[in-house]
Amino acid sequence: MKYGFIGAGNIATALIHGAVKSGKVDPTDIIIYNKNTTVQEKIVELTGVIGFSRGEDVATSADVLFFAVKPNVLVDLLPAYNEVLTESSKPPVIVSVAAGVELSLLTKLLEDKTLPIVRAMPNLNSYVGEGISAYCGNENALGWHKDIVANFLKSSGKALELEEKHFGTFAALAGSSPAFGYLFIDSIAKAAHKHGMKKQDALKIAAQAILGSAKMLLESDEHPAALIDKVCSPGGMTIEGIVSLQDRAFESTVVRSLEAVINKNNHLLTK
């Protein structure tokens with residue numbers, strides 16, 4: 001199975017690095033083309049994948065073809081591949097990771113209306129094998145088409161099939177929340193730094209604590225509130241911190257922050 005990438009920005013690099021590092025995908029089964037040859041050469045050197053000098057050659061060699069470019073670039077770029085895709089004796093599964101570009105537009109931009117198209121939305125944590133990706137397909141994307149895309153996405157984390165109408169919310173939840181997580185970890189570390197701990201030590205402790213909390217939640221059947229109760233001893237120090245956060249509207253502030261991201265995303269899509 002050959003996985004081709006047209007474009008090698010942050011998301012493509014994260015997917016490629018995560019897949020190769022996991023050992024689930026042979027680096028020689030990934031072929032890439034990036035307009036910026038310096039960027040391409042760096043990824044090839046870092047991961048051992050195969051770099052091509054022409055995107056058209058990637059398109060004719062790949063079984064699964066990822067278009068990993070910005071949305072405004074994709075709208076102009078995709079039609080340029082119509083000829084090579086139409087003439088191919090074995091057209092690939094087309095995968096777009098461009099945020100906001102819906103399946104209906106992708107289908108419209110491609111002349112061959114029989115092509116299986118999958119829309120995928122990974123996040124940057126795929127780089128370390130802890131990504132979460134959503135995917136959905138057009139009417140030509142059969143179960144096995146979506147499965148081979150999902151299997152690649154799962155090589156660098158988790159993947160779930162999601163109705164396209166929820167992609168905007170997913171983009172906010174999975175795409176933006178890592179930044180919120182970094183901010184929260186940095187804030188915890190600053191509190192420790194304020195009380196004399198070295199900042200780097202504090203960051204490691206805070207990051208590991210949050211990583212462990214996330215893993216605990218994912219691997220247990222318990223609600224977050226139940227796990228909070230397990231940490232909070234009666235009259236203890238943790239409940240003091242929880243009450244302080246709630247006094248300052250921590251939960252509703254987080255909800256409003258995500259809503260701001262969702263609203264911004266919806267605004268960009270309607271422009």
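**A loop residue, then outwards**

Mentor: Helices here are DSSP runs of H or I with at least four residues, strands are runs of E with at least two, and both are numbered from the N terminus. This is a predicted model, so local features need pLDDT of at least 70 and side-chain atom pairs count only at pLDDT 80 or more, while totals for chains, interfaces and linings use all residues. Residues are numbered from 1 along each chain as its sequence is written, and side-chain values use heavy atoms, with hydrogens and water left out.

Trainee: OK, is Asn123 buried or exposed?

Mentor: Asn123 counts as buried, because its relative accessibility is 5%. Buried means under 20% relative accessible area, exposed means over 50%, and partly exposed is in between (1.4 Å probe, protein chains only).

Trainee: What is Asn123 in contact with, leaving aside its neighbours within four places in sequence?

Mentor: Ile11, Gly131, Ile132, Ala174, Gly175 and Pro178 are in contact with Asn123 once those neighbours are set aside. Contact means heavy atoms within 4.5 Å.

Trainee: And how far is Asn123 from Arg248?

Mentor: Their C-alpha atoms are separated by 30 Å, and the two residues are 125 apart along the chain.

Trainee: Let's zoom out. How many helices and strands are there?

Mentor: The protein has 12 helices and 8 strands. Along the principal axes, its C-alpha atoms fill a box of roughly 70 × 40 × 35 Å. Of the 271 residues, 37% are buried.

Trainee: What share of the contacts comes from residues 24 or more positions apart?

Mentor: Taking contacts with a separation of 6 or more, 62% of them are between residues 24 or more positions apart.

Trainee: Which residues make the nonpolar surface patch?

Mentor: Phe184, Ile188, Leu245, Phe250 and Val254 make a nonpolar patch of about 370 Å². Helix H8 (167–194) and helix H12 (250–270) are the elements that give two or more residues to it. The rule for patches takes residues with over 30% relative accessible area and no salt bridge, joining like charges within 9 Å and nonpolar side chains (Val, Leu, Ile, Met, Phe, Trp, Tyr) within 5 Å.

Trainee: Where are the two Phe residues, then?

Mentor: Phe184 is in helix H8, while Phe250 is in helix H12. Phe184 is partly exposed, since its relative accessible area is 37%. Phe250 is partly exposed too, at 33%. Apart from neighbours within four places in sequence, Phe250 is in contact with Phe184 and Leu245.

Trainee: What about Ala249, what's its phi?

Mentor: Ala249 isn't a glycine, yet it has a positive phi of about 60 degrees. Its place is the loop between helix H11 (237–247) and H12, and at 29% relative accessibility Ala249 counts as partly exposed.

Trainee: Switching to charges: how many salt bridges are there?

Mentor: The count comes to 10, where a salt bridge is a side-chain nitrogen of Lys or Arg within 4 Å of a carboxyl oxygen of Asp or Glu. One of them joins Lys90 and Asp63, at 3.3 Å from N to O. Lys90 lies in the loop between helix H5 (82–87) and strand S5 (93–96) and Asp63 in the loop between helix H3 (55–61) and strand S4 (64–67), so this pair ties together parts 27 residues apart in sequence. Lys90 is exposed, with a relative accessible area of 58%.

Trainee: Which residues are linked in a network?

Mentor: Salt bridges link Arg54, Glu56 and Asp57 in a network. Between Glu56 and Arg54, the closest N and O atoms are 3.9 Å apart. Glu56 is partly exposed at 31% relative accessibility, and Arg54 is partly exposed at 42%.

Trainee: One more pair: how far apart are the closest N and O atoms of Glu163 and Lys165?

Mentor: They're 3.8 Å apart, in a salt bridge. Glu163 counts as exposed at 51% relative accessibility, and Lys165 is exposed at 64%.

Conventions
Accessible areas come from the Shrake-Rupley method with a 1.4 Å probe; for residues, only the protein chains shown count as cover.
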